[in-house]
Amino acid sequence: MSHFWHPFGQLYQSATSPIIFERGEGIYVFDSDGKRYIDATAALWYANVGHGRQEIAEAIFAQARSLAGYSAFGNFSNQPAEELAEFLSARSPMPDTEIFFVLGGGDAVETAAKLARRYFYEIGEQNRTILISRTNGYHGTWGFGTSVSGIPVNRAGFGELVPDTIQVQWDDSEAVEEAIVRSGPERIAALIVEPVVGAGGVYPPPSGYLEAVSGICARHGVLLVVDSVICGFGRLGSWYGIERFGVVPDMVTFAKGVTSGYLPLGGVAVSGRVAEPFKTPGSPVFRHGPTYGGHPTCAAAGVANCKILEEEHILERGSLLEGELLESLLPAQESPLVAGVRGGTGLLAAVELGQATLDDHPGVLDRLAGFARERGIITRVLGRGVAVSPPLIIEPEEIQMIGGGLIEALNDLEKSLK
Ligand SMILES: Cc1ncc(COP(=O)(O)O)c(C=O)c1O
């Protein structure tokens, strides 16, 4: 029995039948039996430049050898964190962007939520504490992230969560305005949205939705926090995952693709407006941040990864290949088990099974993912379906292999249910 208690893992199952991955190369990973899989999920939506890039490993090695870790609290700093902040600020859609580094997406959400409240506190609008989020939204599993989660099972059983949160229907911009007006705009701090809902089931935004909520937030003085932990770093074809909608947010949370997962790193890009009360001589300290915020070796991985994304034009591929991925999955709709296929905005998509199949066959999604794995394709079970979000370096023929493999897995599943 393994003693590794896995995130989101059933303790008995993960302890008795772990699948051990040993090696990665490009879009492929290999398990301990040497079996090769297409990593059709880019691990957890993060291996954007693919596996096994020597340049990133070497940058990590070089930094670890010279100064692996050091505090960046106060005015202590290090060259990789400075360089990465400069790089990311220069590419931000927001004016005068400051970069606050943490270690992952959940940390980034905590940071943005606290900073939204603290910003209003500093400008004398202390009552603006309410955070609005959306059904289906996923914002990590820490305190604020759990409290604004739009996935009910992820909130259940933890007692009282962070107060002053409101949830609205994910695709209804008018519901945002109604919620603001109902509580009183003077009570609302921020709206948090994923450009494309990821872990909640891959829901691209309805046309005009993000533009509409951006306008509503601006009208009522509410901060717009874009959670691009999945959508950034090329998944939607750009750095911050929001540029294609022409929306200028107040903060963007990021993680995952910033290092392609070579080391843990996340952060918040903060607009000049939100940073302003903290920026002048003698202004208050934002008393927040983890021990490893601005960690030099993690930042070195980020710098190396971001250079690859830019110099090899990988960043744009999330949007260039989005149609190809959706097309490759659409034939799955012919399966009697399938209720629908979603995608087409960025390199992520989901195949959803019908409710009757889900009700009649508990565990059916795990079985589908298992059949896909047998055929050498790793997919991710979420919501009522399975999702795919391959590394951005994938080629069109390989995308066809994902679609083909998943359709064969659906046939395998259909036969097994008879
Ligand atoms: C949109 C979004 N926000 C936040 C998170 C949490 O990130 P982490 O798992 O790195 O804490 C995730 C993770 O998938 C995410 O998809």
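## Strand E7 and its neighbours

Strand E7 pairs with strand E8 (residues 223–227) in the parallel sense over 4 bridges; two strands pair if DSSP finds at least two bridges between them. Helices (H or I, at least four residues) and strands (E, at least two) are DSSP runs, numbered from the N terminus. Within this pairing, Ala-190 has Leu-223 in E8 as its bridge partner. Between E7 and E8 the chain passes through helix H9 (residues 209–220), and this β-α-β crossover is right-handed: with the strands pointing away from the viewer, the path from the first strand over the helix to the second runs clockwise.

Strand E7 also pairs with strand E5 (residues 130–134), in the parallel sense and over 3 bridges. Here Leu-191 of E7 is the bridge partner of Ile-132. Of the 6 residues of E7 (residues 188–193), 6 are buried, where buried means that 20 or more other C-beta atoms, placed from the backbone, lie within 10 Å of the residue's own.

## Basis of the model

This is a predicted model, in which local features need pLDDT of at least 70, side-chain atom pairs count only at pLDDT 80 or more, and totals for chains, interfaces and linings use all residues. Residues are numbered from 1 along each chain as its sequence is written.

## Two domains

The domain assignment, which is automatic or from a database, gives domain 1 (11–52 + 316–417) and domain 2 (54–311). Their centres, taken over C-alpha atoms, are separated by 27 Å. In domain 1, 27 residues are in contact with 23 residues of domain 2; contact requires C-beta atoms, placed from the backbone, within 7 Å. On the side of domain 1 that touches domain 2, helix H12 gives the most, with 4 residues.

Notes:
Two residues are in contact if their C-beta atoms, placed from the backbone, lie within 7 Å. A residue is buried if 20 or more other C-beta atoms lie within 10 Å of its own, exposed if 12 or fewer, and partly exposed in between; C-beta atoms are placed from the backbone.
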